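Here is a short briefing for a first look at this structure. Start with the overall layout, then move to single sites.

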Amino acid sequence: VTAKNFRFRLEGVGCGLGLFLIFMIVSSILSFAPIKSLPVWGMYLIFVGFYFVIINTVETKKQLYSALKLFVIAGFFVSLYGVMQYIFKWDTSNAWIDEDMFSSATMRAYSTMENPNVLGEFLLLLIPLASVFMIKANKACEKLFYAAVFCVSVLCMVFTQSRGCWIGLMLSAVIFITFYN
């Protein structure tokens, strides 16, 4: 922002996100529980803010790949924690178990996300990226690392027991294979 040649980019998606934020703040103020709605709006504001930070700071392909690799590395640790949480029964909570349909289920992994469905959505973004980096890696150690990220993330996805996310993962695999071929 302080650079002389900085130009704030606001494209079609950014305009749509801006309208969404305006709609959300009006909805939050006019809701029956504005005190509870405004923090949710603040969370959306932060998420949308990250979009604007990324499109205004990432200028080269190398910067984009570096940011994506950082996301994959961070995702590896989130996934690893979820797998270990499930295996060793760390910080278990039965709050997310549907005991009517799945009486045999004892826990679901939620890692740092506090919700297994949110973790599954995170993994839906992570797994395809890990598979792309695994396929495109030139060095054997990189290929092995991204294969480990892929395997741990898929295992963590299984441990979330998020059926909707599993369907999303299958759909993303079909789309990925279609485009890859």
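Helices and strands here are DSSP runs, with a helix holding at least four residues and a strand at least two, numbered from the N terminus. On that basis, the elements of the chain run α-α-α-α-α-α from the N terminus on. The model is predicted. In total, the chain has 6 helices and 0 strands.

**Overall layout**

- The chain has 181 residues, and 27% of them count as buried.
- Along its principal axes, the C-alpha trace spans about 55 × 55 × 30 Å.
- Take the contacts between residues at least 6 apart in sequence: 62% of these join residues at least 24 apart.

**Confidence**

- The average pLDDT of the chain is 89.
- A score of at least 70 is reached by 91% of the residues.
- Confidence is highest in H5, at a mean of 96, and lowest in H2, at 90.
- Where pLDDT is low, the predicted coordinates should not be read in detail.

**The largest pocket**

- The volume of the largest pocket is about 610 Å³.
- Its lining is made up of 14 residues.
- Phe47, Phe50, Phe71, Phe122 and Leu125 are the lining residues that lie nearest the centre of the pocket.
- Three helices each supply at least two lining residues: H2 (34–57), H3 (61–88) and H4.
- H4 gives the largest share of the lining, with 5 residues.
- By type, the lining divides into 13 nonpolar residues, 1 charged residue and no polar ones.

- Ser162 sits in the loop between H5 and helix H6 (163–180).
- Ser162 has a relative accessible area of 1%, so it is buried, the cut-off being under 20%.
- Pro116 belongs to helix H4.
- Pro116 is also buried, because its relative accessible area is 0%.
- Along the chain, Pro116 and Ser162 are 46 residues apart, yet 6.7 Å separates their C-alpha atoms.
- The side chain of Ser162 reaches the backbone oxygen of Pro116 at 3.2 Å.
- Leaving out residues up to four places away in sequence, Ser162 touches Arg108, Pro116 and Asn117.

- Most residues other than glycine have a negative phi.
- Lys89 is not a glycine, but its phi is positive, at about 60 degrees.
- Glu114 is likewise a residue other than glycine with a positive phi, near 65 degrees.
- Lys89 lies in the loop between H3 and H4, and Glu114 lies in the loop between H3 and H4 too.
- Is Lys89 buried, exposed or partly exposed? Lys89 counts as partly exposed because its relative accessibility is 47%, which falls between the 20% and 50% cut-offs.
- Glu114 has 63% relative accessibility and therefore counts as exposed.

**Asn138**

- Where does Asn138 lie? Asn138 is in the loop between helix H4 (116–136) and helix H5 (140–160).
- Asn138 counts as exposed because its relative accessibility is 76%, and exposed means over 50%.
- From Asn138 to Gln85 is 53 residues in sequence and 33 Å in space, C-alpha to C-alpha.

Key: Residues numbered from 1 in each chain as written. Predicted model: local features only at pLDDT ≥ 70, side-chain atom pairs only at ≥ 80, totals over all residues. Heavy atoms only, no water. Buried < 20%, exposed > 50% of the residue type's maximum accessible area, 1.4 Å probe, protein only. 1 Å grid on protein atoms, 1.4 Å probe; cavity = no way out; pocket = protein on both sides within 12 Å on 5 of 7 lines; lining within 4 Å. Points joined across faces, edges and corners; volume = space filled by probe spheres on them. Nonpolar A, V, L, I, M, F, W, Y, C, P; charged D, E, K, R; others polar. Polar contact = N/O pair within 3.5 Å; in protein donor to acceptor, adjacent residues only side chain to side chain. Contact = heavy atoms within 4.5 Å. pLDDT = per-residue confidence, 0-100.
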